[in-house]
Number of protein chains: 2
Amino acid sequence: MKKYSKSKINRIKRGQNRAVYEVEKINTILDAGFIGFVSYTYEGSAISLPMAYGRNGNKIYLHGSQANRMLLSLLEGGKMSMTVMHLDALVLARSGLHHSVNYRSATLFGSVRKIEKATEKEAALHCFMEQMMKGRWDGIRPMKPEELSRTLVVEMAIETASAKIRDVGVNDDSEDYNLPIWAGLVPLKQVALAPISDENLRENIPIPSHVLEYYKLHQ
Amino acid sequence: MKKYSKSKINRIKRGQNRAVYEVEKINTILDAGFIGFVSYTYEGSAISLPMAYGRNGNKIYLHGSQANRMLLSLLEGGKMSMTVMHLDALVLARSGLHHSVNYRSATLFGSVRKIEKATEKEAALHCFMEQMMKGRWDGIRPMKPEELSRTLVVEMAIETASAKIRDVGVNDDSEDYNLPIWAGLVPLKQVALAPISDENLRENIPIPSHVLEYYKLHQ
């Protein structure tokens, strides 16, 4: 299985038993969501902001307005880092120290470029939309050329990455197992509720199958 | 209502109609979760990592091992920024450009200090644990002095902050409302599943009420 090579920037130091470098496993974490925390430096401060993204191979696509402060700053610096995390359970131990969470978290590092060509921009936005909801792109009005030119699209080429996964039960100190204290997991899950049609919807437009499918998959 | 004053670092530039500066509203966003994305600079790169936190007034508490690279780097720099986000709905418009999400996101900026005194450390960890699950602290084994000394506790004093909230329906271009395209929201929610007792649990320990209460509150 292809792996990202370990370097100073992506090597997991704490909790090495949870460290993941396999490209496929990291892609699985990325594809389980569409919101990442993108980091940049502003006035000497590191800041991270949530951004929707799309992934295609080793490319990550972000977009925003042509005046987006973060995207412009990333383009100026030429590199970027993004972290994606899914929270899977509270791990409730017998002692405070062994409380934890089960999670899947991936941090990517790479270089960025601005996408200028309209056809490439459209392909990136297609990828972006499909990451949010499979099948949505074909169900909506095609983009207009002026919409494409108003949109700033940034492509990140993933150069290295690492992930951490915790997916096990409680791990207490051996002498604590005899304590009369409850320990266990509380699984957490992000679910979709029933779709709500826009109040200004034209009559007789049913909820399309790609939306119902998403709803069904996120129960 | 008390507000954070706007400065270069926390002023919302894009989507000002969604901007929030009220301290109470920002605290409500912080208290709806316990995982934040903490940013720091490593080898010239801005990185953000998910961290569990506790809030007490304008203080945020983080902890880790005494060798935690990020915490040590924050202490060295003396300042920190953290972003917390809750995803509330997919906003599915008739055009690609108006697709969005409903969300609550807060970004904090402040100074950090290491907590050294054992009693202060314990108070910070109590706050931290209660942020994850109300009532848990009283249900577990008290911390040992050696556990306290193995743990690095960092306090952030929030100096300024801002938030963005989108909580409305679809907002399409007026000429698109006549298109035969479905538009609407798909609400998203993080829920708890039924608690799973540790397989090594002593016999006859029922799931405590603070755990059942959490489960009930997160349906």
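**Strand pairing across the chains**

I looked up Gly184(A) and found that it stands opposite Ser197(B), in strand 10 of chain B. The model is a predicted one, in which local features need pLDDT of at least 70, side-chain atom pairs count only at pLDDT 80 or more, and totals for chains, interfaces and linings use all residues; side-chain values use heavy atoms, with hydrogens and water left out. Residues are numbered from 1 along each chain as its sequence is written, while chains are lettered from A and ligands numbered from 1 in the order in which they are written.

I then followed the strands themselves. Strand 9 (residues 184-192) of chain A and strand 10 (residues 196-197) of chain B run antiparallel and are joined by two bridges. Pairing here requires at least two DSSP bridges between two strands; strands (E, at least two residues) and helices (H or I, at least four) are DSSP runs numbered from the N terminus.

**Extent of the interface**

I counted 89 residues from chain A and 89 residues from chain B in the contact, taken as heavy atoms within 4.5 Å. About 7,600 Å² is buried between the two chains, 62% of it on carbon and sulfur atoms; buried area is the accessible area (1.4 Å probe) that two parts lose on being put together, summed over both. Leu97(B), Arg141(B) and Trp182(B) supply 10% of the area that chain B buries against chain A, more than any other three residues.

**Salt bridges**

I searched the whole structure and found 26 salt bridges over all chains, each a side-chain nitrogen of Lys or Arg within 4 Å of a carboxyl oxygen of Asp or Glu. Between chain B and chain A the count is ten. One such pair is Lys8(A) with Glu43(B), at 2.9 Å, N to O.

Inside chain A, I recorded a salt bridge between the side chains of Glu22(A) and Lys3(A), at 3.7 Å, N to O. This pair links distant parts of the chain, 19 residues apart: Glu22(A) is in the loop between strand 1 (19-20) and helix 1 (23-31), and Lys3(A) in the segment before strand 1.

**Backbone angles**

I checked Glu43(A), whose phi is near 50 degrees, a positive value in a residue other than glycine. Glu43(A) lies in the loop between strand 2 (35-42) and strand 3 (45-52) of chain A. Asn204(B), also not a glycine, has a positive phi of about 60 degrees. I located Asn204(B) in the loop between strand 10 and helix 5 (209-217) of chain B.
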